[in-house]
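User: I am new to this protein and would like to be walked through it step by step. Please take the questions one at a time and end each reply on what was asked for.

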Amino acid sequence: MTNFAPFRIAVPDADLADLHRRLAATRWPAELPGVGWTYGIPTGYVRELAEYWRTGFDWRAQEAARNRHPQFRAEIGGQQVHFTHVRSAEPDALALVLVHGWPFEDFTELIGPLTDPVAHGGEAEDAFHLVIPTLPGFGFSGPTVEAGAASTERSARIIAELMAGLGYRRYGAQGGDAGSFIAPQMGRIDTEHVVGVHLNDPITIPSWDDDGSAYDDRDREKLARLQDWSAQETSGYAGIHSTRPQTLAPAVADSPAGMLAWVLDVVHTYKSPAAATPTDAIDRDMLLTNLAILWFTDTTGSSMRLYKESEQWGADLPDSGVPTGIAVFPGNSTLRGLAEKQNTVTRWSEFDRGGHFAPMETPDIMIAELRAFFRDLR
């Protein structure tokens, strides 16, 4: 790593005004009555959120809140990388890197309790120094500048180099969604320094000829759904991302309403099944803050390249031997048998509330999980 410089979010007033103008000028499509979510995200729902985004959402308050945490940018391997770095005051704190996926994962609610556990009802010995990188192609890391730079493999190498550059000789890694590929990969390539890996709802992709003979009944049910995944309506977004990301990019770069619809439809697919809409599962302002970051940085299009460029999806991934904790939430499609084949699983936890975006939906569970899993690895 060359060097890193302090960074503060400072969206120009002109960009904020442009967002509001575009939202006000949206040409809304016709919508069939009574079809709900069966044709995709309802336009009425998008329209209501877009109006709040334009007239009620306070970006400046969210910007100020995020700027209260130290942020930096570094150039690593030719790629600009943004990261938040919050050190604990506890002298024996363990470094922990939190890795997001697509379209985002907001770890804001975890920062205080993990870095200052005593102030949040915990014990001093459970403190962490937190490093929260923004993946290449996303947000304030900016668009990727060469083919392959958005892959999960490349991100794992970049983050491992970042942790070395920050001087951390021992650290843990946590990830969900695409982060559930990146965090274990860090264990494979930086085994000497990664003390443990924690994953929420890890993505496990079986081979097409997997007959399920090595799995229990529950895994076999999930396997049948996964093997029919390409025929399901929920796979449509991933098919576009992995084959034609640049074709979709102009639409999500030009229309904030279109971007909102595309991204939140995916959030709806994987949120807690007990919640009727994304905003029932996740705080509305938190969702719009993350959408706004993608919009202001014009990285929705480049973020989708992750799907096309990553080679780990469906690969037979080797076990690093690093102790791994896994937390699964309602609606998950994680195959335990495959997860245990690819990782040295020492903790398996199942929860009856929450969903795929656990740090945003159930931060209390994630805080308790991370404290418990890493307690014996310090």
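This is a predicted model: local features need pLDDT of at least 70, side-chain atom pairs count only at pLDDT 80 or more; totals for chains, interfaces and linings use all residues.

User: How many helices and strands does the secondary structure come to, and what is the radius of gyration?

Analyst: The secondary structure of the protein comes to 17 helices and nine strands. For 378 residues the globule rule gives 21 Å, and the value found here is close to that, so the protein is as compact as a globular protein of that length. Along its principal axes the C-alpha trace spans about 55 × 50 × 40 Å. The radius of gyration itself is 20 Å.

User: Which element gives the most to the lining of the largest cavity?

Analyst: A search of the whole structure finds five cavities of 30 Å³ or more, and the largest has a volume of about 90 Å³. Of the 14 residues that line the largest cavity, Ser180, Pro184, Ile203, Gln342 and Asn343 are the closest to its centre. Both α6 (179-189) and α15 (336-342) supply at least two residues of this lining. With four residues, the element that gives the most to the lining is α6.

User: How many nonpolar, polar and charged residues are in the lining of the second largest cavity?

Analyst: The second largest cavity holds about 60 Å³ of space. It is lined by 13 residues, of which Gly101, Glu105, Gly176, Asp177 and His356 are the closest to its centre. By class, its lining has five nonpolar, six polar and two charged residues.

User: Why does Asn200 count as buried, and what is its relative accessible area?

Analyst: Asn200 has its place in strand β7, which covers residues 194-200. Not counting residues up to four places away in sequence, Asn200 touches several others, including Gln174, Asp177, Phe329, His356 and Met366. The cut-off for buried is under 20%, and Asn200 counts as buried because its relative accessible area is 1%.

User: Where does Asp177 lie, and what is its phi near?

Analyst: Asp177 has its place in the loop between β6 (171-176) and α6. Asp177 is buried, with a relative accessible area of 12%. Its phi is positive, in a residue other than glycine, and is near 55 degrees.

User: Which residues does a cis peptide bond join?

Analyst: Pro103 lies in the loop between β4 (94-99) and α4 (108-115). The peptide bond in question has an omega of about 5 degrees and is cis. The residues it joins are Trp102 and Pro103.

Definitions and conventions
Residues are numbered from 1 along each chain as its sequence is written. Side-chain values use heavy atoms; hydrogens and water are left out. On a 1 Å grid over the protein atoms alone, a cavity is a set of points where a 1.4 Å probe fits but cannot get out, and a pocket is an open set with protein on both sides within 12 Å along at least five of seven lines; lining residues have an atom within 4 Å of a point. Grid points are joined across faces, edges and corners, and a volume is the space filled by probe spheres set on the points. Ala, Val, Leu, Ile, Met, Phe, Trp, Tyr, Cys and Pro count as nonpolar, Asp, Glu, Lys and Arg as charged, and the others, Gly among them, as polar. The radius of gyration is taken over C-alpha atoms; the globule rule is 2.2 Å times the number of residues to the power 0.38. Buried means under 20% relative accessible area, exposed over 50%, partly exposed in between (1.4 Å probe, protein chains only). Contact means heavy atoms within 4.5 Å.
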